[in-house]
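Have the coordinates open while you read.

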Amino acid sequence: MSEYSAPLRDMQFVLNELGYLEQVSELPGCEELGTDLVDAILGEAGKFAQGVLSPLNVIGDREGARWHEGEVSTAKGWHEAYGQFVDGGWNALSCHPEFGGQGLPRLISALVEEMWNGANVSFGLCPMLTRGAIEAIELCGSSYLKETYLPKMISGEWTGTMNLTEPQAGSDLAAVRSRAEPQGNGTYRVFGQKIFITYGEHDLTDNIVHLVLARVPGAPEGVKGISLFVVPKFLVNPDDTLGARNDVRCASIEHKLGIHGSPTAVLAFGDNEGALGWLVGEENRGLEYMFIMMNAARFSVGIEGIGLSERAYQRALAYARERVQGTEAGAKSRDKVAIIRHPDVRRMLLSMKARTEAMRAIACEVAAAMDCAERHPDLARREEWQTFVDLMIPVVKGCGTENAVDIASLGVQIHGGMGFIEETGAAQHLRDARITTIYEGTTGIQASDLVGRKIARDGGKAIGLVTKRMRYVMERLVWADDPQLQDIASALATSVVALNAAVEFIVENFNGQAPRVLAGAVPFLELFGTVAGGWQMARSALVAHEQLKAGTADQDFYRGKLQTARFYAEHLLPRAEGLSRIVIQGGDAVLEMEDTLF
């Protein structure tokens, strides 16, 4: 069974030749971020992903996490790998230096995250959730919370969780019932049950820092009455040593379709006197703070999708090259050939490759914008970048994960019957990918957010700026005076027209006919993601064309880039017109179906 190999060459292409590293290196605090340093970081991360995490992926899948009397044991090798992860400083890459972080931009840490998820997504979930908890405490926590928890969470000595969901409160957080009773000394006693808590209990670290949504007495009904609390597994003494066990218990862990190596816990708070907690920020603003974690997590889940897509593609490609079956269509020879010579297998592989590379470029575009929104010296520019980030987060999350499910499914298909057998490993990628479209907000939630909050609310202004950038790339393709690039330009132009038509429909109809618009929200998300991917692949084609024309070394790589962009333009961008039609015309068919007729 093959191991994961980090796609370093494509990552370097996106960073250096699409220009994101240059863009970010001009920001304050990033001036020393040169190509050599970044290559060294990515190279070492790739070695760790391939040599340490990838071999544990199948072990975690087969053994899973195990629960016994409230304690959870991770799979064989997990604890040692996490120790190596922490010792290597990987947990602290993009955290602020004030509490021990390395302060690297999100652009770099996003690519490193992709490696963790490509090699072993179940392992990668633990530092992902910890990072979200760190961000919430950094931005909204008191000095006490920052000084007590951030140093050890940033180092990775302690991990963090997000505790939103309850048995009766899934995506509808207005239904949260957990309560927090003030003790009069700045602390609270938390009572309630939370479900689906990723790494809510485990044996990797000595302490787990839970961030928990709960209601204080007299809080308003609905989402406006939710507060956020830090509730550690073990209390922390004034000298920073661990004290008594808090009143939080792991009641069980879930038995799941995939990500078996990641324990998904049911946590009970306050079986006895109540779990001691500390308020984050102000009362009744918890959902606002939790969305800090949610936005970070949603982007990271999109990165999970890209990592899983890359891994599924690598495994399918290796199998297609070694599996000999049938003769080549149209060839005189009757010799058996590797299945990569069969047209439909080539089509599936190119679809996997093109979509993965497109989503990687989109994610880096957004990660670089995150860095600009945080670090740019001009406030107005920071706000502009943040608007772009807010617009694109649902695309990275929604399309990155939906693509992952489809790409992993194609991986199984390329394996044929052997893909349905666990022995090859192809099935695990599909099982692991399936949750990514659900947690941290389903694809439907991402699409509704995109359509309602990000497009209808501002009258399409933000997305209009993006399509303006797309048109500039189209013009450059035409100026290149190359028939292949002009074909790509034509396909991109047609897809942008389709996208703009859908945007116009949303803006004109959302306020008066929201259900009709929302019936096409997911198709619109797919439409936007598809066109955004075409935009990035067109940019890649321009660079490849210039490098081939200049006779630059690594000609095979650039030929592959150009051909992949051509495939995207000819096979994927044409879907845009159909999706746009669904958005504009398809709502009535959804809404007019009587409930009794389903």
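## Strand pairing

Alanine 214 stands opposite serine 227 of strand 7. The model is predicted. Strand 7 covers residues 227-232 and runs antiparallel to strand 6, with 6 bridges joining the two.

Strand 6 also pairs with strand 3, residues 158-163. That pairing is parallel and has 6 bridges. Within it, glycine 160 has valine 209 of strand 6 as its bridge partner.

## Burial of strand 6

Strand 6 is mostly covered, with 8 of its 8 residues buried. In a regular strand, side chains alternate between the two faces of the sheet. Here Asn207, Val209, Leu211 and Leu213 point one way. Ile208, His210, Val212 and Ala214 point the other way. Both sets are buried.

## Histidine 210

Histidine 210 belongs to strand 6, which spans residues 207-214. Is histidine 210 buried or exposed? Its relative accessibility is 1%, so histidine 210 counts as buried; the cut-off is under 20%.

The side chain of histidine 210 makes a polar contact of 2.9 Å with the side chain of threonine 161. Beyond its neighbours within four places in sequence, histidine 210 is in contact with several residues, among them Asn163, Gly200, Val248, Leu267 and Phe269. Its contacts also include Phe229, Val230, Val231, Pro232 and Lys233.

## The largest pocket

Rolling a probe the size of a water molecule over the atoms shows where empty space is left. The largest pocket has a volume of about 1100 Å³. Its lining counts 41 residues. Nearest the centre are Met294, Ile438, Tyr439, Glu440 and Gly441.

Elements giving two or more residues to this lining are helix 5 (106-140), strand 5 (187-198), helix 7 (286-322), helix 10 (426-434) and helix 11 (443-456). By class, the lining of the largest pocket has 20 nonpolar, 10 polar and 11 charged residues.

## The second largest pocket

The second largest pocket has a volume of about 780 Å³. It is lined by 30 residues, with Arg131, Glu135, Leu139, Met370 and Glu374 the closest to its centre.

Two or more lining residues come from each of helix 5, helix 7, helix 8 (343-375) and helix 9 (379-415). Which element gives the largest share of this lining? Helix 5 does, with 6 residues. The class count for the second largest pocket is 14 nonpolar, 5 polar and 11 charged residues.

Conventions
Residues numbered from 1 in each chain as written. Predicted model: local features only at pLDDT ≥ 70, side-chain atom pairs only at ≥ 80, totals over all residues. Heavy atoms only, no water. 1 Å grid on protein atoms, 1.4 Å probe; cavity = no way out; pocket = protein on both sides within 12 Å on 5 of 7 lines; lining within 4 Å. Points joined across faces, edges and corners; volume = space filled by probe spheres on them. Helix = DSSP H or I, 4+ residues; strand = E, 2+ residues; numbered from the N terminus. Nonpolar A, V, L, I, M, F, W, Y, C, P; charged D, E, K, R; others polar. Buried < 20%, exposed > 50% of the residue type's maximum accessible area, 1.4 Å probe, protein only. Polar contact = N/O pair within 3.5 Å; in protein donor to acceptor, adjacent residues only side chain to side chain. Contact = heavy atoms within 4.5 Å. Pairing = 2+ DSSP bridges.
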